[in-house]
Amino acid sequence: MSALLEVSGVSVTFDGFRAINNLSLSINEPELRAVIGPNGAGKTTFMDIITGKTKPDTGHVLWGEQSRNLLGMSESAIAREGIGRKFQKPTVFEAQTVRENLAMALKNKRGPFDVLFYRKSAEGATRIEELAAEVGLTEQLPRTAGELSHGQKQWLEIGMLLAQDPRLLLVDEPAAGMTPAEREHTTDLLVRAAKTRAVIVVEHDMEFVRRLNCKVTVLHEGSVLAEGSLDHVTANPQVIEVYLGR
Ligand code: ADP
C-alpha cells in the first residue's frame with residue numbers, strides 16, 4: 001500500500017468565497033475512503049479538483065509513483081491517467097443492452113480502431129462477462145439498460161467505469177434512492193472494487209458509510225475536520241457540533 005494521491009494545501013476561491021481552504025489529504029492504493037460532510041462542506045469541489053474541472057488557486061495534487069502534478073493536466077488527460085468519476089445520476093445508454101453498454105465502455109478504453117475486432121473477439125466477450133459478474137449483472141446482459149432498476153443502472157455505470165481500468169474511482173452518493181437490498185449489493189461491490197484500486201465514496205448516508213467499514217474523512221468549510229474510523233470521527237465533539245448544528 002502506497003500513496004496514490006496527495007492533496008496538499010489546496011485552496012479554491014469562488015468570487016471571494018473560500019470553498020476549499022488549505023485542504024490536505026492522502027489516498028493509498030488500494031484503499032476505500034469515505035468523504036463525508038454537511039452540505040456546502042466542499043465535497044463536490046474536492047472531486048472537481050481531482051478530475052481537473054476546477055483548478056485551485058494554491059496547493060498541489062500529486063499522483064502516482066512519479067508524483068506527477070495533476071493540476072497542470074486537462075480533464076481528459078487526468079481521465080487517461082486512470083481517474084474515473086461516477087456522478088449521482090447514472091448515464092447509461094438506455095436503448096442499448098447491458099452487453100452493448102459494457103462493450104462501448106471497453107471501446108473507449110481501447111480506442112475506436114480496435115473496437116470492431118475487440119467486440120467480436122473472445123477476449124472482449126470474456127472481459128464483458130467478467131465486468132457483468134463483478135457488478136452482479138450477468139443475468140441482465142441481454143436486457144436493455146432502460147429495463148433495469150435504478151440500482152442496476154448504477155451498477156452498470158460502475159461496471160462501465162471499471163472497464164476503463166481506473167486506478168482511482170470517485171463515486172458520488174452511490175446509495176441515493178436505493179432499496180435496502182440494493183444498498184447492500186452496492187456496499188459489496190464497492191468494497192470488492194477497492195481491493196485492487198483506490199475508491200473514494202462521497203456520501204451523506206451514515207448507515208451506508210458504516211457498512212463500507214473504511215477510513216472516513218470529514219470535510220467542513222473546505223478543510224479536513226477529522227479523519228479515521230467512523231466511530232472515531234463521530235465521537236469528535238467538533239464533528240458532532242457541525243452535524244447537529246450550534
Ligand atoms: P458539497 O458538495 O459538500 O455540498 P460544494 O463543493 O458543492 O459542497 O460547495 C462548497 C461551497 O462552495 C458551497 O458554499 C458552495 O455554495 C460554494 N460553491 C461551489 N461551487 C461554486 C461556484 N461555482 N461558484 C460559487 N460558489 C460555489
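The following dialogue discusses how to read selected features of a predicted model.

Colleague: On what basis are the values in this model given?

Modeller: The model is predicted: local features need pLDDT of at least 70, side-chain atom pairs count only at pLDDT 80 or more, and totals for chains, interfaces and linings use all residues. Residues are numbered from 1 along each chain as its sequence is written, and side-chain values use heavy atoms, with hydrogens and water left out.

Colleague: How is a sheet to be read, and what is the strand order here?

Modeller: Strands of a sheet pair through backbone hydrogen bonds, in either a parallel or an antiparallel manner. Strands are DSSP runs of E with at least two residues, helices are runs of H or I with at least four, and both are numbered from the N terminus. Two strands pair if DSSP finds at least two bridges between them. In this model, an open sheet of 6 strands with mixed pairing has the order S6-S7-S8-S3-S9-S10. Strand S6 (83-86) and strand S10 (223-228) stand at the edges; each has a single partner strand, so one side of each lacks a neighbour in the sheet. From one strand to the next, the twist averages 20°.

Colleague: How many bridges join S6 to strand S7?

Modeller: S6 and strand S7 (residues 168-172) run parallel and are joined by 4 bridges. Glycine 84 stands opposite leucine 169 in S7.

Colleague: Which strands does H7 touch?

Modeller: Contact means heavy atoms within 4.5 Å. Axes are lines fitted to C-alpha atoms, for helices over the stretch in contact, and angles run from 0 to 180 degrees between N-to-C directions. H7 packs on the sheet and touches strand S3 (31-36), S7 and strand S8 (198-202); the direction of H7 makes about 145° with that of S8.

Colleague: What span should H7 have?

Modeller: The expected span of a helix is 1.5 Å times one less than its number of residues. For the 14 residues of H7 this gives 20 Å, and the end C-alpha atoms are 20 Å apart, which agrees.

Colleague: Is threonine 186 buried or exposed?

Modeller: Buried means under 20% relative accessible area, exposed over 50%, and partly exposed in between (1.4 Å probe, protein chains only). Threonine 186, in helix H7 (residues 180-193), counts as buried because its relative accessibility is 1%. Leaving aside residues up to four places away in sequence, threonine 186 touches Trp155, Pro174, Met178 and Phe208. Other buried residues of H7 include Glu182 and Leu190.

Colleague: Which residues are around the ligand?

Modeller: A residue is near a molecule or strand if one of its heavy atoms lies within 4 Å of it. Among the residues around the ligand are Phe14, Phe17, Asn39, Lys43 and Thr44. An oxygen atom of the ligand is 2.7 Å from a polar backbone atom of glycine 40, and an oxygen atom of the ligand is 3.0 Å from a polar backbone atom of glycine 42. For the side chain of threonine 45, an N or O atom is 2.6 Å from an oxygen atom of the ligand.

Colleague: Which backbone features deserve a look?

Modeller: The peptide bond from glutamate 29 to proline 30 is cis, with omega near 0°; proline 30 is in the loop between strand S2 (17-29) and S3. Aspartate 15, a residue other than glycine, has a positive phi near 50°. Aspartate 15 lies in the loop between strand S1 (2-14) and S2, and is exposed, with a relative accessible area of 85%.

Note on methods: A polar contact is a pair of N or O atoms within 3.5 Å; within protein, one must be able to donate a hydrogen and the other to accept it, and residues adjacent in sequence count only if both atoms are side-chain atoms.
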